[in-house]
Each structure stands twice: as structure tokens, then as C-alpha cells.
Amino acid sequence: MRGRRRVKRQQVEADDGWTTITHGLSNLSVGKGKEVSKEYMNSFMPTRTVEGLTSEKLLEDFKKLEDRWTETTCAKQIKAILDRREWDIGVAVCIGIGSFSLDWHHRHRSLWQLVLFMDVVGHLKEQNPSLTLYAQEPTFTPVDIAFLKSLAVTVVESAVESHISPQTFVYAPFVDWCILLPVFLKDKKPALYVGNEIQDDYTAVTQGKKGSLEKLDESNEVGKKFLQEREMARLEEFDMHLNALSGLCIYWNKEGEEEDDAQSREDS
């Protein structure tokens with residue numbers, strides 16, 4: 001069809017050290033990159049928050065979504081998985097979820113993704129009420145940070161991976177594999193992970209991109225290690241928002257792996 005310009009997918013590296021993958025602003029990923037000007041970055045990203053939006057209003061909107069979430073098939077699936085066992089988890093980390101307050105249509109997608117994160121946190125807190133929550137995302141606004149603070153989530157500007165251990169729940173919805181694996185999952189063994197499907201060979205999805213190829217061998221190695229002794233389930237269809245959770249997976253250690261990690265900590 002003529003007269004319609006196709007938006008090309010581009011990789012935009014910002015001077016705050018994160019990388020955004022843009023496709024008409026429909027997909028976001030995060031990672032460490034080279035320095036470019038904020039002006040260049042802002043030409044692709046919205047810069048204004050929704051007029052009149054406050055952290056209190058965001059909390060109200062979030063609570064409404066939580067009420068709708070409870071009876072969904074996806075929520076019931078997650079509860080069933082988490083109720084199967086006891087969890088030795090003291091930290092929950094949320095990576096690259098996007099802004100809830102910037103004036104763009106993806107903010108509702110991000111809110112639904114946060115509902116899932118906080119639902120898992122709620123289940124984990126039944127066994128560990130002192131669970132600590134962290135989030136890292138370069139597009140967070142002051143409104144986002146105040147909103148997350150009201151949910152007891154601490155926003156960190158960098159190195160959120162330093163909080164990942166065998167006692168961590170990692171949530172990384174739609175973070176690109178070439179960032180997720182070498183930056184956030186390398187040498188890590190989180191007890192629970194929700195995010196993109198982890199693979200042991202990403203050759204087919206590099207699409208000849210130089211940046212991806214540079215991370216291919218390392219990512220494949222991390223993926224192979226991550227998949228050892230883990231079980232996985234794909235999240236059920238979520239019809240409240242077609243793009244919020246579609247394709248996400250949940251991974252957890254097989255029985256016996258947590259005991260091995262605990263014994264290793266005692267021995268050290």
C-alpha cells in the first residue's frame with residue numbers, strides 16, 4: 001500500500017548508559033551503551049508526563065487494575081505455581097518495566113506489568129514479610145519514583161544486578177536477550193525469574209546485527225547455565241491488555257536446587 005511510511009527499528013544509545021530499541025516506540029529494551037546526546041534520545045522518547053497525573057492518582061489506577069487482575073487465568077496460574085513450595089527469597093528486582101507516567105500509550109502496559117510483579121511479591125511476602133524490592137528503569141520520572149515508593153519499591157539508578165542472588169526474584173518483562181543475559185543474569189542464579197523465554201542458542205535471532213553478534217557467544221553460554229536444573233511455564237493468555245504479558249515465561253529451580261544453594265552458603 002503506497003503512501004504509508006514504514007517506521008524502521010532503531011537502536012538508540014543514551015548518555016545515561018541504557019539502550020532503547022525503538023520500533024515506532026512499540027518495543028523497549030535496556031542495557032549499557034555508548035554516549036549520545038539527550039536531545040537525540042528525546043527525539044524518539046516522550047518527555048512529558050500525563051497532564052495532572054500524580055503519584056496518588058497512579059496508585060488509585062494501580063489498585064483498580066489489581067482488583068481486575070485477581071480473577072484472571074494468568075493470576076490463578078501464578079498462584080498455583082508459587083503455592084507448590086516454600087521460597088527462600090529475600091529480594092525482588094524489577095528491570096526495564098518502562099514509565100507509568102510519561103504521556104504515551106505504553107504506560108498502561110507498564111502498569112499491568114507492575115501488577116504482575118507486585119502479585120508475585122505478595123505471594124512471596126506470605127513466607128518472608130521483610131522482602132526488599134528494587135527497580136531500575138532509565139525512563140522513570142519523579143512521579144514514577146514517588147508512586148513506586150508508596151509500594152515500598154526502591155528505585156536505583158544503576159547496578160540493580162548487584163542485588164541478584166540465589167535468594168532473588170527477578171522480573172524483566174521484554175528486556176532484550178543481548179542485554180538481559182550478559183548484564184543481568186551472568187553468573188546469577190535467581191530462585192525465581194519472570195520475563196522473556198531464555199534460550200541456549202540465540203543465533204537465529206541475531207538477524208545479522210553487529211551489536212547482537214558481539215554478545216551472541218556470551219549470551220548462549222549464560223542461557224545454557226541458566227536453564228540447567230530449572231523448570232519453566234509459559235504464562236496463560238492475558239486478555240485485559242493484549243501486549244502487556246504476552247510471551248512471558250516463569251522459571252524456577254527444580255526441587256533440590258534451593259537446598260544445594262543453601263548448603264553452599266553454609267559451607268562458605
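Hi everyone. Before I start, keep in mind that this is a predicted model. I'll begin with the rings.

A quick reminder for anyone new to this: a pair of aromatic rings is described by the distance of the centres and the angle of the planes. So, how many aromatic pairs does the structure hold? There are twelve. I'll take you through a couple of them.

Have a look at Y193 and F226. Their ring centres are 5.5 Å apart, with 80° between the planes, and that makes the pair edge-to-face. What I like here is where the two partners come from: Y193 belongs to strand β7, residues 192-195, while F226 belongs to helix α7, residues 210-227. They are 33 residues apart, and the pair links distant parts of the chain. Are these two buried or exposed? Y193 has 0% relative accessibility, so it counts as buried. F226 is buried as well, with a relative accessible area of 3%.

Now, Y193 has another partner, Y251. This time the centres are 5.8 Å apart and the planes sit at 50°, so we call the pair tilted. Again distant parts of the chain are linked: Y251 is in strand β9, residues 249-253, and lies 58 residues from Y193. Y251 is buried too, with a relative accessible area of 2%.

R230 lies over the face of F226, at 4.0 Å from the ring centre.

One more ring story: F62, F100, F140 and F147 are linked into a cluster by ring pairs.

In soluble globular proteins, nonpolar side chains tend to be buried together. Here, the largest nonpolar core has 49 residues. Which of them touch the most other members? They are W69, L114, F169, Y171 and L192. Helix α4, residues 106-125, gives the most to this core, with ten residues. If you click on L114, and skip residues up to four places away in sequence, you'll see that L114 touches F62, I97, F100, F147, L148 and L151. Apart from this core there is another one, of 26 residues, including V93, Y134, V175 and C249.

E137 is in the loop between β4 (132-136) and α5 (142-150). With 8% relative accessibility, E137 counts as buried, because the cut-off is under 20%. What does the side chain of E137 reach? It gets to the backbone nitrogen of G98, at 3.0 Å. The E137 side chain also makes a polar contact with the side chain of T139, at 2.7 Å. And S99 is 38 residues from E137 along the chain, yet their C-alpha atoms are separated by 7.8 Å.

Then there's N220, back in helix α7. N220 counts as buried, at 10% relative accessibility. Leaving aside neighbours within four places in sequence, N220 is in contact with D200, D201, Y202 and T203.

That's my tour, thanks!

Definitions and conventions
Residues numbered from 1 in each chain as written. Predicted model: local features only at pLDDT ≥ 70, side-chain atom pairs only at ≥ 80, totals over all residues. Heavy atoms only, no water. Phe/Tyr/Trp six-rings, centres within 6.5 Å; stacked < 30°, edge-to-face > 60°. Helix = DSSP H or I, 4+ residues; strand = E, 2+ residues; numbered from the N terminus. Buried < 20%, exposed > 50% of the residue type's maximum accessible area, 1.4 Å probe, protein only. Lys NZ or Arg CZ within 6 Å of the ring centre and 35° of its normal. Core = buried A, V, L, I, M, F, W, Y, C linked by side-chain atoms within 4.5 Å. Contact = heavy atoms within 4.5 Å. Polar contact = N/O pair within 3.5 Å; in protein donor to acceptor, adjacent residues only side chain to side chain.
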